[in-house]
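This briefing covers one protein model, grouped by topic. The sequence and structure come first, and the notes follow.

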Amino acid sequence: MKTKLFFVLIALSFSSFTFDHIYVWDKYKLQITVPDDFEVVKNTDEEFEMAGDGMDLAITIFAEKITLEELAEATVAGAEAMKLTEIDQAHETKINQLDGFYVEGFLEDHRVMFAGLMDQRTKTTLFVVITFADDDENAEAEAFKIINSFKRLR
């Protein structure tokens with residue numbers, strides 16, 4: 001009986017991955033994996049937005065040329081410009097071919113993950129905003145899963 005339960009639990013844990021969808025922002029060849037309830041809301045040369053059940057994702061191109069060293073400060077400044085409150089310190093991150101920083105904060109009753117990511121090869125800088133309900137226990141893990149799925153296609 002324990003063996004059968006073990007296999008059921010493994011199957012259920014892997015089943016959440018089978019319902020994810022992969023989207024590509026064609027303009028920048030950026031691959032993103034999101035839950036199956038997400039739908040594309042906007043797809044232009046400057047912006048890519050998706051919405052799902054209780055979670056939104058927005059990606060914009062930062063037109064000004066900055067260095068990776070300046071990106072931490074730019075990320076915090078971007079979060080402040082959005083009027084986030086309780087912004088934490090910038091955390092360094094490396095996601096596949098993208099280097100950058102992220103902060104977390106609040107906007108009204110929502111938690112927000114705000115990241116500045118740079119493709120060192122092309123010097124393209126992206127700002128990513130993932131918004132979710134503060135009382136959603138799984139949303140933060142899902143937001144990290146989404147942002148960690150970013151991958152530049154060659």
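**Salt bridges and overall layout**

D20 is buried, with a relative accessible area of 17%; buried means under 20% relative accessible area, exposed over 50%, and partly exposed in between, using a 1.4 Å probe and protein chains only. The model is predicted, so local features need pLDDT of at least 70 and side-chain atom pairs count only at pLDDT 80 or more, while totals for chains, interfaces and linings use all residues. Residues are numbered from 1 along each chain as its sequence is written, and side-chain values use heavy atoms, leaving out hydrogens and water.

**Salt bridges**

- The whole structure holds 8 salt bridges, each a side-chain nitrogen of Lys or Arg within 4 Å of a carboxyl oxygen of Asp or Glu.
- One of them joins the side chains of D20 and K145 at 3.1 Å, N to O.
- This pair links distant parts of the chain, 125 residues apart: K145 lies in helix 3 (residues 139-148), and D20 in the loop between helix 1 (2-18) and strand 1 (21-25).
- K145 counts as partly exposed, at 27% relative accessibility.
- E140 and R111 also form a salt bridge (2.9 Å, N to O).
- That pair links helix 3, which holds E140, to strand 8, which holds R111, across 29 residues.
- E140 is partly exposed at 27% relative accessible area, whereas R111 is buried at 16%.
- Shared partners join E104, R111, D134 and E140 into one salt-bridge network.

**Overall composition**

- The protein has 3 helices and 10 strands; these are DSSP runs numbered from the N terminus, with helices being H or I of at least four residues and strands E of at least two.
- Of its 154 residues, 38% count as buried.

**Strands 3 and 4**

- Strand 3 (residues 39-43) and strand 4 (residues 47-52) run antiparallel and are joined by 4 bridges; two strands pair if DSSP finds at least two bridges between them.
- A hairpin of 3 residues connects strand 3 to strand 4.
- V40 has M50 in strand 4 as its bridge partner.
- The side chains of E47 and K42 meet in a salt bridge at 3.2 Å, N to O.

**Helix 2**

- Helix 2 (residues 68-81) has 14 residues and spans 20 Å from first to last C-alpha, close to the 20 Å expected at 1.5 Å a residue; the expected span is 1.5 Å times one less than the number of residues.
- Its buried residues are L71, A72, A74, T75, G78 and A79.
- Just after helix 2, K83 takes a positive phi of about 65°.
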